[in-house]
There are 2 protein chains.
Amino acid sequence: MSTQPTSRFGDEAVPLELLRARAHNQRWAEQPDDVIPLTAADPDFPAAPVIRQALIDYVSSGVFSYGPAGGLFEFRQAVARHWRQQRSADLDASGVIAVNSAAAGLALLCRHWLSPGDEAIIGDPVDFLFGHGVRAAGGVPVTWPIDRFTPLDPADLERYLTPRTRLLCLCNPHNPLGRCFRRDELETLVRFCLERGIKVLSDEIWSEIVYPPATFTSLLALAPELAANGAVVHGFSKSFGLAGLRVGYVAMADPEAAARLLAGSEQPSTVDGVSTLSQVAAMAAYSPDGLAWLAEFQAHLRQRRDQTMEALQAMPGVQAIPPEATYVAWVRLPPGSASAETVVAQLLERQRLAVVPGSPRWFGQRAAGHVRLCFATSAGVLAEGLERLAAGLEEAARQSG
Amino acid sequence: MSTQPTSRFGDEAVPLELLRARAHNQRWAEQPDDVIPLTAADPDFPAAPVIRQALIDYVSSGVFSYGPAGGLFEFRQAVARHWRQQRSADLDASGVIAVNSAAAGLALLCRHWLSPGDEAIIGDPVDFLFGHGVRAAGGVPVTWPIDRFTPLDPADLERYLTPRTRLLCLCNPHNPLGRCFRRDELETLVRFCLERGIKVLSDEIWSEIVYPPATFTSLLALAPELAANGAVVHGFSKSFGLAGLRVGYVAMADPEAAARLLAGSEQPSTVDGVSTLSQVAAMAAYSPDGLAWLAEFQAHLRQRRDQTMEALQAMPGVQAIPPEATYVAWVRLPPGSASAETVVAQLLERQRLAVVPGSPRWFGQRAAGHVRLCFATSAGVLAEGLERLAAGLEEAARQSG
């Protein structure tokens with residue numbers, strides 16, 4: 001395993017002082033100084049230089065008037081071009097709607113497609129935002145058990161359908177399982193939904209963090225009638241570290257469907273909207289220099305994934321399958337462990353390590369007995385975090401044994 | 001009348017090329033090149049240099065991690081300090097919640113306070129966002145006639161109350177009437193509401209654009225029990241030209257009420273939120289250099305108001321009362337005119353001037369027969385716009401006469 005860091009993602013590239021001021025959502029700024037947070041999925045590195053330069057250039061002229069409701073035309077064009085070139089997707093600028101975050105896009109689509117009492121299928125486990133978005137729309141989340149390897153099977157899904165089922169929510173690549181769905185299983189599943197009038201909401205926010213030989217297939221890269229049976233949400237927080245800028249998008253193969261979504265949203269009224277400056281950052285992310293930075297980040301993350309897995313395999317009783325995608329590790333605690341919440345509280349108190357517990361609240365019922373840790377940091381910070389995890393689990397085993 | 005422009009707000013300071021690229025929402029970027037838009041209330045000038053510099057400084061370090069749900073602590077502190085120092089308001093940082101725009105804050109408060117079927121009193125005329133926010137929350141807007149001079153009278157208001165009345169929405173200073181409510185009328189009205197369990201939502205987005213000798217009194221500057229009976233919404237689009245950055249706030253005298261509002265919002269889930277970069281811009285706006293820029297802008301606007309009124313008074317049959325606040329003029333068309341929508345369409349087609357019609361859709365039933373024009377531009381652009389208005393009205397009078 002090579003842990004030779006490039007200077008851009010080396011130990012010295014993690015700006016601890018700035019992170020302690022700026023990284024919220026359970027991270028550095030919300031922890032005591034001696035705690036290492038491997039919590040929210042958010043990188044510990046500064047944004048790509050091309051993004052910073054684009055922001056400075058835009059800011060210098062100082063005009064910050066109202067942007068258009070659906071996003072800057074240049075932004076929508078840049079996104080569409082990116083998907084055509086990088087994802088083999090047939091996407092037009094008019095099929096792209098800028099939203100305040102991928103999470104906001106997910107919530108918007110749930111409101112758009114669900115009436116009160118309608119049911120939506122979500123995975124178990126999966127990120128809490130799916131159930132949250134469905135409930136906020138008045139819908140009822142119906143959980144579909146999912147694991148790392150069992151193929152998505154319409155015959156299995158059928159058992160969870162009722163006459164009120166309107167929506168299937170996919171997280172592809174899957175958080176927290178780290179799984180990329182295969183093209184053939186997606187095709188079968190989406191066709192099954194299309195035939196039953198069920199829309200597919202595909203959260204593809206992790207789709208740029210994929211480790212070869214795994215490959216990612218977008219909903220929008222399927223056959224036209226399948227691609228048009230739903231929408232993709234995406235953002236810039238995971239791939240480019242722009243969570244604080246609040247920018248993402250909804251992408252739809254059918255421009256008329258996108259126009260209806262926009263018209264039904266609060267963006268034309270100016271109640272909702274996306275900072276034009278954040279859209280400028282996002283356009284720079286999809287520039288050649290931005291994608292070159294991303295390729296370096298991906299290479300770094302692959303090393304961190306391997307570092308994480310090697311360390312986890314040395315911890316007695318711990319189970320963790322190397323993720324094909326995402327920069328989170330989904331860790332099954334040793335048999336006989338206390339609850340994930342208890343273990344997480346002890347890790348924080350005794351080892352000064354913060355990770356996310358596999359609570360129903362965050363990931364669903366089948367997340368019990370797991371913790372999730374984010375490895376989008378330097379080799380050195382990660383090594384220290386993994387040592388603390390090992391020490392904490394060893395201590396817990398001594399206590400229970 | 002002095003029309004000697006300072007260089008910061010002179011004719012040459014209006015960056016037409018940039019506005020044609022960046023100013024949406026019915027403005028330069030959405031009109032043919034030969035049209036002068038005096039439409040959306042949004043200045044034609046670049047943002048203050050201190051704002052641009054603060055953005056550049058923040059961007060240079062490149063860390064854009066998740067911000068806190070309620071806004072950066074420094075942002076909340078800066079807002080609270082501003083209100084204490086400039087508005088004589090007893091506001092603590094914990095009473096401030098960053099929101100995506102003043103419009104978003106208004107919508108959030110409506111959802112927070114109204115259950116389906118609850119009634120909210122809104123002025124007629126008033127900006128469309130009040131009725132829009134009430135309806136989006138499932139509430140019923142009940143319109144209360146308001147004009148430029150008649151004091152707000154609880155005895156009059158009482159006629160519009162029912163057992164379902166939960167909320168009074170005030171726009172102070174008032175858009176489009178340009179009126180500042182007096183302290184004594186606010187006190188009487190808010191006490192009347194307090195005694196009846198009716199909350200007060202005070203949209204004070206125009207409160208920095210006030211022309212002496214008029215003075216502005218905030219809800220938050222009233223006696224503590226009155227100040228605590230509601231909330232203020234404010235933003236940075238009108239005073240500082242930051243509409244594109246999507247940043248505003250809700251301010252509440254009662255920090256616990258603010259905490260409940262935040263907890264009930266979609267900000268803790270990360271579905272909603274405000275760009276940290278936009279908050280940095282907003283903090284710079286409230287710095288001494290930002291406020292010095294604002295004072296110059298106010299002085300410029302006062303000249304533009306006088307220029308606008310002088311021109312309007314020379315137009316036969318037109319009525320317009322000089323606004324005490326805001327940079328919009330509320331213009332009553334001459335008796336016998338076609339509808340405001342027709343006049344606006346003719347002005348656009350024949351004179352290449354865009355203004356906002358006093359449609360029920362934008363301002364309420366009592367807005368009929370009016371147009372609204374924004375004068376936050378240079379003396380030269382405004383002179384040309386007013387000439388086109390005069391020519392258009394003269395032509396219309398010839399046709400109808």
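In the predicted model, B:P173 is located in the loop that joins β5 to α7 (183-195) of chain B. The peptide bond that leads from B:N172 into B:P173 is cis, its omega being near -5°. A cis bond also links B:D124 to B:P125, here with omega near 5°. B:P125 belongs to the loop between β3 (119-124) and α5 (129-136) of chain B. In general, most peptide bonds are trans, and most residues other than glycine have a negative phi.

Positive phi values occur in chain A. For A:Q26, a residue other than glycine, phi is near 75°. A:Q26 sits in the loop between α1 and β1 (36-37) of chain A, and it is partly exposed because 18 other C-beta atoms lie within 10 Å. For A:R246, likewise not a glycine, phi is near 55°. A:R246 occupies the loop between α9 (237-240) and β8 (248-251) of chain A; it has 30 C-beta neighbours inside 10 Å and therefore counts as buried.

Strand β5 (residues 165-171) of chain B includes B:T165. This residue, B:T165, is buried, since 20 C-beta neighbours fall inside 10 Å. Beyond its neighbours within four places in sequence, B:T165 is in contact with B:E119, B:I121 and B:I198. Between B:T165 and B:S339 the separation is 174 residues in sequence and 33 Å in space, C-alpha to C-alpha.

In soluble globular proteins, nonpolar side chains tend to be buried together. The largest nonpolar core holds 279 residues, of which A:V250, A:A251, A:A281, B:V250, B:A251 and B:A281 touch the most other members. Apart from its neighbours within four places in sequence, B:A281 is in contact with B:I51, B:A54, B:L55, B:L242, B:L245 and B:V247.

Within chain A, helix α4 (residues 102-113) packs against helix α5 (residues 129-136) at an angle of about 40°, the axes being 8 Å apart. The two helices, α4(A) and α5(A), are therefore oblique to each other, and their crossing is right-handed. To this contact α4(A) contributes A:A103, A:L106, A:A107 and A:C110, while α5(A) contributes A:L129, A:G133, A:V134 and A:A136. Seven of the residues in the contact of α4(A) with α5(A) are nonpolar, one is polar and none is charged.

Between the chains, 47 residues of chain A are in contact with 47 residues of chain B. On the side of chain A that touches chain B, at least two residues come from each of α1 (16-22), α2 (49-61), α4 and α11 (276-285) of chain A. The largest share, six residues, is supplied by α2(A). This side of chain A comprises 23 nonpolar, 18 polar and six charged residues.

How values were computed
Residues are numbered from 1 along each chain as its sequence is written. Chains are lettered from A and ligands numbered from 1 in the order in which they are written. This is a predicted model: local features need pLDDT of at least 70, side-chain atom pairs count only at pLDDT 80 or more; totals for chains, interfaces and linings use all residues. A nonpolar core is a set of buried Ala, Val, Leu, Ile, Met, Phe, Trp, Tyr and Cys residues joined through C-beta atoms within 7 Å. A residue is buried if 20 or more other C-beta atoms lie within 10 Å of its own, exposed if 12 or fewer, and partly exposed in between; C-beta atoms are placed from the backbone. Two residues are in contact if their C-beta atoms, placed from the backbone, lie within 7 Å. Axes are lines fitted to C-alpha atoms, for helices over the stretch in contact, and angles run from 0 to 180 degrees between N-to-C directions. Helices (H or I, at least four residues) and strands (E, at least two) are DSSP runs, numbered from the N terminus. Angles under 35 degrees count as roughly parallel, over 145 as roughly antiparallel, 65 to 115 as roughly perpendicular and the rest as oblique. A crossing is left-handed if the near helix is turned anticlockwise from the far one by less than a right angle, and right-handed if clockwise. Ala, Val, Leu, Ile, Met, Phe, Trp, Tyr, Cys and Pro count as nonpolar, Asp, Glu, Lys and Arg as charged, and the others, Gly among them, as polar.
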